[in-house]
Amino acid sequence: MDFSKIKNKTYIFFNLIKEFILKSLKLIKKDFKTINRREFFIFSILNFVCFISPSILYSLFYDNYNYRLDLVFLLAFIPFSMFMAISKLKLNLFVIIIFTIMELVQFSHIFYFGTPITPFEIELIWKEQGEILESGLDTFPYCFIPILAVLIPYITLWILYVKKRKSKGSFIASFFVIIILSILPKKALTGGKQVINNLMPRNDMVSIYNSLSSFSGYIFNRLLLNHNTSIKEYEPYQVIKQNSPDNVNIVLIVGESVNPSRMHLLGYERPTTPHLDELAKTDKNFVYGRALSSSVLTTVSTTMLANVQREPDNILHLRNQPTHLFKLAKENGFTTMYISAQDNAIARGFAPDYIDVFHTKEYAPIADAKKGDLVILDKLDEFSLKFGKKNFIILHQRNIHSPYDKGYRDIPRFKKYINPDDASWEEKKLNSYDNAMLFNDYFIYQVIKYFRENSHRKTYIFWVPDHSELLGEDGLWGHSIVNENVAKIPFVFTIVNKDDDAFVKKLKSTFMPTHYEFGKMIAELLGYQIINPNEKKGIFYINGNVINGDAGWFEVDKSDGKTLKITKHMP
């Protein structure tokens, strides 16, 4: 081997890279020389204000949409506003036109339906043009405020760009504007069918971000990749208000990736649930067992659980959100809280505009990195000052998500199962999973203990995971796979401070309760009865990893109350 030739070629290669970087820097320097700093500063602010103005103006007049300037939006739109301030004028005007069209569609939908438009509903525009035109013409006289909320800021921005901006604009800045705008379309094109779950809008997100997500999902995923299946129509659910409970807490702990076969409480040989084992012996209200989740993926299962949705492809139900648990709670006078160790994107299904206190890991990144789920306990104590007479609280865990050892943050007391030097990959994963289960047991117990010691109200506490985790079953690991074992989960329930024997008896008599059945039970505690005309006795569904059922689903027959008959359906 001639090392001198290799050295020579390496030297030439790095010289070329060096020359490329130097020339690029010179081009950038020359490009930015034409930029007026004052102009850059003013238009950066104008852009950002324009992007949030429709949300601000609309929410001043209507209470069916509330937004939060969260970290995700700020990280995306502050740099975008800055680059757009100095990009080429023609590109800016094109962006303004596109944003205006999307926002007009968006706020028309919010005004009429009360929720942001989804990729599936954009699809319906082309299929129901007659009905939309008829309803639109009837609604138009009342729609001036939503229209003006969009047109005023964007027309103002257009005029200022045309009349006031003097610089020619930067080619480099234009390049970055295009790059930022292409992030969501790229995600929609390359993420497969299941990426549509992450392109669904959120009721508490600034509208322009929702618009970009939904239109990217429709155009680049469902239309260009031909992922547009027909939307099945179901009979609408009925919601009947029965009472208005007072002096009560309803707490739903949403677990993460919990395999029931690793819980000592359910027969596993290792003592992974010491606190729950003790509660099973001493707490007469303590109920536990095996259950079924509504999906194999977090974003799908939490959306279906929060919406109390039975059918895997009932997109119209998702659009209208008539049975969303936070919505029911808020309308019946509950103080509502969502405290999560997950990120903002995972909160999508749980985040309508009916939440009084909202926290995800982005709001405490340093504490989250150190403490994980323990931050939830800290925030629960902190936010308790905002408790009302009745409270509906969802606590969303990140533990036991892979990598499992990250869940318990290397805390010595939870490192019970140590890997020997010659441990296999599988053995290491199982040991770290069992350690995470110990941490999980501690977390659930601490929540129960907190309400026992800090509240005198009757408190219903549910612990229900989003889905299970494959740990070698069928030779598979992880989740998100359309496999029935991913939907087989454990559950835990108790009541503290006061008893409710009838509810405990009802839960104990329910064979392998599903997410849907848990949702209906929680709705009853919130004061509502949910009637679903589409129900068939004993028949339930487990969705795949796509919110509209495109990845297939399982039909579950547990009508005899003793056994499960699970049938897989593929689209």
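Begin by selecting Ile 250, Phe 392, Tyr 460, Phe 462, Phe 493 and Leu 526, which touch the most other members of the largest nonpolar core, a set of 65 residues. A nonpolar core is a set of buried Ala, Val, Leu, Ile, Met, Phe, Trp, Tyr and Cys residues joined through side-chain atoms within 4.5 Å. Buried means under 20% relative accessible area, exposed means over 50%, and partly exposed lies in between (1.4 Å probe, protein chains only). Helix H20 (residues 515–525) gives the most to this core, with 6 residues. Helices (H or I, at least four residues) and strands (E, at least two) are DSSP runs, numbered from the N terminus.

The model is predicted: local features need pLDDT of at least 70 and side-chain atom pairs count only at pLDDT 80 or more, while totals for chains, interfaces and linings use all residues. Residues are numbered from 1 along each chain as its sequence is written, and side-chain values use heavy atoms, with hydrogens and water left out.

Next, centre the view on Phe 462. Leaving aside neighbours within four places in sequence, Phe 462 is in contact with Val 251, Leu 252, Ile 253, Val 492, Phe 493, Phe 503, Phe 518, Ile 522 and Leu 525. Contact means heavy atoms within 4.5 Å. A second, separate core of 43 residues can then be displayed; Ile 339, Ile 376, Leu 395 and Leu 438 are included in it.

Now select helix H12 (residues 298–306), where 9 of 9 residues are buried. The buried residues of H12 pack against strand E2 (248–255), H13, H14, E6, H20 and strand E12 (539–543). Just after H12, Val 308 takes a positive phi of about 50°.

Move to helix H3 (residues 71–85) together with helix H8 (residues 171–181). Their axes are 8 Å apart and the packing angle is about 150°. Axes are lines fitted to C-alpha atoms, for helices over the stretch in contact, and angles run from 0 to 180 degrees between N-to-C directions. H3 is therefore roughly antiparallel to H8. Angles under 35 degrees count as roughly parallel, over 145 as roughly antiparallel, 65 to 115 as roughly perpendicular and the rest as oblique. On the H3 side, the contact is made by Ala 76, Pro 79, Phe 80, Phe 83 and Met 84; on the H8 side, by Ala 173, Phe 176, Val 177, Ile 180 and Leu 181.

Ser 402 and Pro 403 are joined by a cis peptide bond, with omega about -5°; Pro 403 lies in the loop between strand E6 (390–396) and helix H17 (404–407). Gln 321, in the loop between helix H13 (315–320) and helix H14 (325–331), has a positive phi of about 50° although it is not a glycine. Gln 321 is buried, with a relative accessible area of 11%. Asn 497 is found in the loop between strand E10 (488–496) and helix H19 (501–508). Asn 497 is not a glycine, yet has a positive phi of about 80°, and it is partly exposed, with a relative accessible area of 38%.
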